[in-house]
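Please open the structure in a viewer and keep the selection tool at hand.

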Amino acid sequence: MTTVFYDDQGRPEPPLSASEVQTLLGFLDFQRATLQWRTSGLDTGALRRRLDGHPSEMTLGGLLKHLAYVEFHWFEECSLAEPTSEPWVCVDWSEDEDWDWHSAAQDTSEELHALWERAVDRSRQIVVRLMAEAEDDDDALAATHDAWGGRAQVSLRWILTHMIEEYARHNGHADLLREQIDGQTGE
């Protein structure tokens, strides 16, 4: 049995000795917990706040909704190829390709956190299901994705690494936004 250690913010530390997939999942869960930490305890107004004096429309609420969409896209839409979760399947993405970012301004703090948490839970369920169906880690989740000018096969390893990168990049944004809102800094 592997012991999980938590840091001062309650984030699970990635395992020091585990399989490749378990290590990647550990780092992804750490990044997810970082977003949770950076957005916790804030009201709707704070989640809608933009950086002062900066032209970016990015908000913490937009980050939560965008990362909920990214979870849906890579795990449900690409890996499972069974996209059913709302609000994503009913969005007219041709009308607004940044709908996830823009529509967050109409959502409350509670709605944004719940949407993100449901997406993360669904992603975890999908990984468990697909890992159980795989014969080995290298065979796991070979998904077909429409990207880069054509159809491409992507592995679980690639998706997890990409998700870690996506969260890490946006957690840097979250650090700046949170510090401006109430002075709370990351590590």
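Contact, as the word is used on this tour, means heavy atoms within 4.5 Å. The model shown is predicted.

**First stop: helices α1 and α5**

Select Val21, Leu25, Asp29, Arg32, Leu35, Gln36 and Thr39 in α1, and then His113, Trp116, Glu117, Val120, Ser123, Arg124, Val127 and Met131 in α5; these two sets of residues meet each other. By class, this contact of α1 with α5 holds seven nonpolar, four polar and four charged residues. Now display α1 and the whole of helix α5, residues 109-133: their axes come within 12 Å and cross at roughly 175°. Angles over 145 degrees count as roughly antiparallel, and α1 and α5 are therefore roughly antiparallel to each other.

Remain in helix α5 and select His113. Is His113 buried or exposed? His113 counts as buried, because its relative accessibility is 10% and the cut-off for buried is under 20%. Leaving out residues up to four places away in sequence, His113 touches Gln36, Thr39, Ser40, Leu47 and Leu64.

**Second stop: Arg38**

Return to helix α1 and select Arg38. This residue is buried, with a relative accessible area of 0%. Which residues is Arg38 in contact with, leaving aside its neighbours within four places in sequence? They are Leu60, Ala174, Asp175, Arg178, Gln184, Thr185 and Gly186.

Next, select residues 60-80 for helix α3 and residues 156-182 for helix α6; the two pack with their axes 10 Å apart, at an angle of about 175°. Helices α3 and α6 are therefore roughly antiparallel to each other. The residues of this contact divide into 14 nonpolar, five polar and three charged.

Within helix α6, select Ile159. Its relative accessibility is 0%, so Ile159 counts as buried. Apart from residues up to four places away in sequence, Ile159 touches Trp74, Phe75, Ser79 and Val154. Phe75 is 84 residues away from Ile159 along the chain, yet their C-alpha atoms are separated by 8.2 Å.

Move to the segment before α1 (20-39) and select Pro15. Pro15 is partly exposed, its relative accessible area being 24%. With neighbours within four places in sequence set aside, Pro15 is in contact with Gln22, Thr23 and Gly26. From C-alpha to C-alpha, Pro15 and Gly26 are 6.2 Å apart in space, and 11 residues apart in sequence.

Rolling a probe the size of a water molecule over the atoms shows where empty space is left.

How much space lies in the largest pocket? The volume is about 370 Å³. Of the 16 residues that line this pocket, select those closest to its centre: Thr2, Val4, Glu13, Pro14 and Pro15. The lining of the largest pocket has nine nonpolar, five polar and two charged residues.

For the second largest pocket, select its lining residues Arg48, Arg50, Glu57, Met58, Thr59, Trp101, His102, Ala104 and Ala105. About 150 Å³ of space lies in this pocket. Its lining comprises four nonpolar, two polar and three charged residues.

Definitions and conventions:
Residues are numbered from 1 along each chain as its sequence is written. This is a predicted model: local features need pLDDT of at least 70, side-chain atom pairs count only at pLDDT 80 or more; totals for chains, interfaces and linings use all residues. Side-chain values use heavy atoms; hydrogens and water are left out. On a 1 Å grid over the protein atoms alone, a cavity is a set of points where a 1.4 Å probe fits but cannot get out, and a pocket is an open set with protein on both sides within 12 Å along at least five of seven lines; lining residues have an atom within 4 Å of a point. Grid points are joined across faces, edges and corners, and a volume is the space filled by probe spheres set on the points. Ala, Val, Leu, Ile, Met, Phe, Trp, Tyr, Cys and Pro count as nonpolar, Asp, Glu, Lys and Arg as charged, and the others, Gly among them, as polar. Helices (H or I, at least four residues) and strands (E, at least two) are DSSP runs, numbered from the N terminus. Buried means under 20% relative accessible area, exposed over 50%, partly exposed in between (1.4 Å probe, protein chains only). Axes are lines fitted to C-alpha atoms, for helices over the stretch in contact, and angles run from 0 to 180 degrees between N-to-C directions. Angles under 35 degrees count as roughly parallel, over 145 as roughly antiparallel, 65 to 115 as roughly perpendicular and the rest as oblique.
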